[in-house]
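Subject: Structure handover

Hello,

The structure is below, with notes on what was found in it. Please read them next to the coordinates.

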Amino acid sequence: MDYNENTRALDNVNIEVMKGEWVSIMGASGSGKTTLLNIIGCLDTPTSGSVFTKGIKITDLDPKELTRFRRENMGFIFQQFHLVPYLTALENVMLAKYFLHGKGDHEEDARLALERVDMGHRLEHIPAHLSGGEQQRVAVARALANEPEIILADEPTGNLDQKNSWKILELLKSLHDEGHTILLITHEPDIGKMGNRTIRLVDGQVSSPEPLSSSIINENRGESNYE
Ligand SMILES: Nc1ncnc2c1ncn2[C@@H]1O[C@H](COP(=O)(O)OP(=O)(O)O)[C@@H](O)[C@H]1O
Ligand SMILES: [Mg+2]
């Protein structure tokens with residue numbers, strides 16, 4: 001895609017991700033990893049090419065439809081957490097439910113999501129009063145609030161120490177075991193290996209693609225396709 005005459009963040013990328021796969025996305029800084037994830041995650045749209053997710057050509061959706069599709073199907077986890085600073089942990093998670101479902105009683109579901117990530121004892125804390133690891137667990141709860149099928153994580157442990165990184169990765173592993181599709185950007189080879197396969201980007205292009213994991217192909221239909 002072109003951001004301007006000089007930058008082609010992604011070029012001739014043709015990938016397919018199966019339902020239930022965990023795909024690691026790796027590559028040098030500036031190679032297009034975030035752009036790829038944001039396009040799959042409906043946060044960005046390509047200047048050309050198409051993306052199919054769950055059988056829907058999402059590149060044909062208008063912005064409102066795209067936003068709804070994202071809220072129903074995608075859970076995002078970012079390196080910088082991106083929690084709303086003046087809202088409590090509980091309110092941050094409730095907000096995600098509010099954005100999809102509008103007004104209603106979202107407190108119980110939000111509390112359950114926070115208990116799931118072992119944050120049930122910090123419901124009323126604002127982000128500034130939580131450690132980085134705790135903030136990222138709240139962000140995972142927020143990503144799970146609407147029970148999305150697909151989890152997109154952009155260097156989710158990039159700002160965490162080893163112990164807190166491991167907690168987040170364990171959560172992702174249990175989500176994958178439950179059947180969620182996971183796309184995770186990482187610089188760490190050890191984290192990359194947790195996926196079923198790795199897509200490597202070099203200057204916006206996929207280098208040496210690995211074959212789709214055969215066990216997953218047998219079980220599932222095509223999930224997403226970007227070209
Ligand atoms: N909003 C933007 N405007 C212009 N160029 C951008 C923008 N976002 C990213 N880029 C450029 O696109 C390329 C890929 O960036 P990005 O997807 O963020 O890479 P990565 O996540 O692998 O570090 C880089 O050359 C980057 O400078
Ligand atoms: Mg990036």
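This is a predicted model, in which local features need pLDDT of at least 70, side-chain atom pairs count only at pLDDT 80 or more, and totals for chains, interfaces and linings use all residues. Residues are numbered from 1 along each chain as its sequence is written, and chains are lettered from A and ligands numbered from 1 in the order in which they are written.

Gly-158 lies in the loop between β6 (150–154) and α6 (162–177); helices (H or I, at least four residues) and strands (E, at least two) are DSSP runs, numbered from the N terminus. Gly-158 counts as partly exposed because 15 other C-beta atoms are within 10 Å; the cut-offs are 20 or more for buried, 12 or fewer for exposed and partly exposed in between, with C-beta atoms placed from the backbone. From Gly-158 to Gln-80 the C-alpha to C-alpha distance is 8.3 Å, across 78 residues of sequence.

Beyond its neighbours within four places in sequence, Ala-141 is in contact (C-beta atoms, placed from the backbone, within 7 Å) with Val-93, Ala-113, Leu-114, Arg-116, Val-117 and Met-119.

In the contact of α3 with α4, Ala-89, Leu-90, Val-93, Met-94 and Lys-97 of α3 meet Glu-107, Asp-109, Ala-110, Arg-111, Ala-113 and Leu-114 of α4.

Regards

Note on methods
Contact = placed C-beta atoms within 7 Å.
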